[in-house]
Every structure is written in structure tokens, then in C-alpha cells.
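Here is a short note on the salt bridges of this structure. Please read it with the model open.

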Amino acid sequence: LPADEYDQIGEDVWIAKDADVAPTAYLNGPLIVDHGAEIRHCAFVRGSAVVGKNAVVGNSVELKNCVLFDEVQVPHFNYVGDSVLGHRAHMGAGAVTSNVKGDRQPVVVHRGSERMETGLKKLGAMLGDYAEIGCGAVLNPGAVIGRGAQVYPLVSVRGTVPANCIHKGGSVVEKR
């Protein structure tokens with residue numbers, strides 16, 4: 001990365017010069033924090049992460065093996081592991097991506113009756129652009145949240161929430 005735009009602050013850790021990183025944040029590489037990003041108090045970045053332009057990684061958020069595209073917000077007490085969060089995706093306070101199944105078997109991604117065997121024991125969630133995840137929601141291993149989809153607070157998501165739909169817990173409905 002260009003030295004006039006990024007500071008290398010540790011082994012495999014690059015921070016854009018205009019990013020705002022709290023001195024209490026733990027940053028482990030490999031890690032890239034892009035322009036305008038904000039890493040807040042007590043964030044814990046375990047490594048293998050990319051934090052996009054103007055993204056927010058908040059208080060006590062933990063990141064591991066993930067990509068946060070530009071303007072993603074994970075601002076409060078979130079865990080994001082082995083996951084990809086699309087442009088302007090937002091996770092409410094305490095929402096987490098679960099990346100390991102309880103039986104420790106490889107994660108299968110479901111879409112309706114379709115099954116995609118991943119062969120991976122760890123796979124979190126994939127959030128489309130503008131996805132909105134409510135406070136305290138749990139995105140189970142292999143969950144896919146479509147572009148513009150919304151997950152209500154405290155909902156546990158398995159499988160896929162289609163684009164522009166709302167997952168209310170017991171039902172998935174199209175947004176109006």
C-alpha cells in the first residue's frame with residue numbers, strides 16, 4: 001500500500017492516514033483499515049480483516065477473518081467472524097455472526113431447498129449491500145442476508161433472507 005496514504009503500524013497492519021483509531025483498540029494483522037474508517041474504543045481485531053472506507057467498528061466489537069465493505073457499521077458489541085458485510089450494511093447493538101455449528105460439522109448454505117456444501121467448519125454470514133440487522137439478532141453459520149433485507153431485533157436467522165425482504169422471526173415478508 002502506498003506509504004503516502006497508509007501507515008504500517010505493525011506486521012501486516014496498514015491504517016489509512018485519515019482513519020481514526022482509538023488508542024485502546026487491539027489490531028492484529030493481516031489488517032487493512034481504509035480511508036475515513038473509524039475503529040472505536042476497545043475494538044478487538046484478531047486479524048485477516050479488511051475495513052472499508054468510512055466504515056465504523058465500534059465499542060467492544062470483535063472482527064476475525066472478515067471483509068467490511070465501504071460504509072459498513074458494526075458500532076456496538078458485535079462479533080463478526082468469517083463473514084462478508086456488503087456496502088452500507090449495518091448491524092445493530094449486540095448482533096452477531098455465528099461461525100461454527102453446534103455439532104462442529106461443515107457449514108451448509110441453504111437457499112430454499114437448495115444446499116451448497118462449503119466444506120468449511122467456520123463460515124459466518126454474508127450480508128448484501130444495505131442489509132439492516134436488528135439489535136441482538138443472531139446470524140447462524142452460512143446465513144445469507146440479501147441486498148436491502150432487514151432482520152428484526154432478537155431474531156435468529158438460518159438460511160437465506162431474500163433481497164428487499166424483512167425477517168420478523170416467524171416469517172419473511174417483502175418490504176413495501
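1. Start with D129 and R147. They form a salt bridge, with the closest N and O atoms 2.9 Å apart. The term means a side-chain nitrogen of Lys or Arg within 4 Å of a carboxyl oxygen of Asp or Glu. D129 lies in the loop between β19 (126-127) and β20 (132-133), and R147 in the loop between β22 (144-145) and β23 (150-151), so the pair ties together parts that are 18 residues apart in sequence. Strands are DSSP runs of E, at least two residues, numbered from the N terminus.

2. A word on the source. This is a predicted model, where local features need pLDDT of at least 70 and side-chain atom pairs count only at pLDDT 80 or more, while totals for chains, interfaces and linings use all residues. Residues are numbered from 1 along each chain as its sequence is written, and side-chain values use heavy atoms, leaving out hydrogens and water.

3. Next, accessibility. D129 is partly exposed at 25% relative accessible area. R147 is also partly exposed, at 47%. Buried means under 20%, exposed over 50%, and partly exposed in between (1.4 Å probe, protein chains only).

4. Now K53 and D34. Their salt bridge has its closest N and O atoms 3.3 Å apart. K53 sits in the loop between β8 (49-51) and β9 (56-59), D34 in the loop between β5 (31-33) and β6 (38-39), so the pair links parts 19 residues apart in sequence. K53 is partly exposed at 36%. D34 is buried at 12%.

5. E117 pairs with R115 in a salt bridge, closest N and O atoms 2.7 Å apart. E117 is exposed, at 55%.

6. How many salt bridges does a search of the whole structure find? The count is 10.

Methods: Helices (H or I, at least four residues) and strands (E, at least two) are DSSP runs, numbered from the N terminus.
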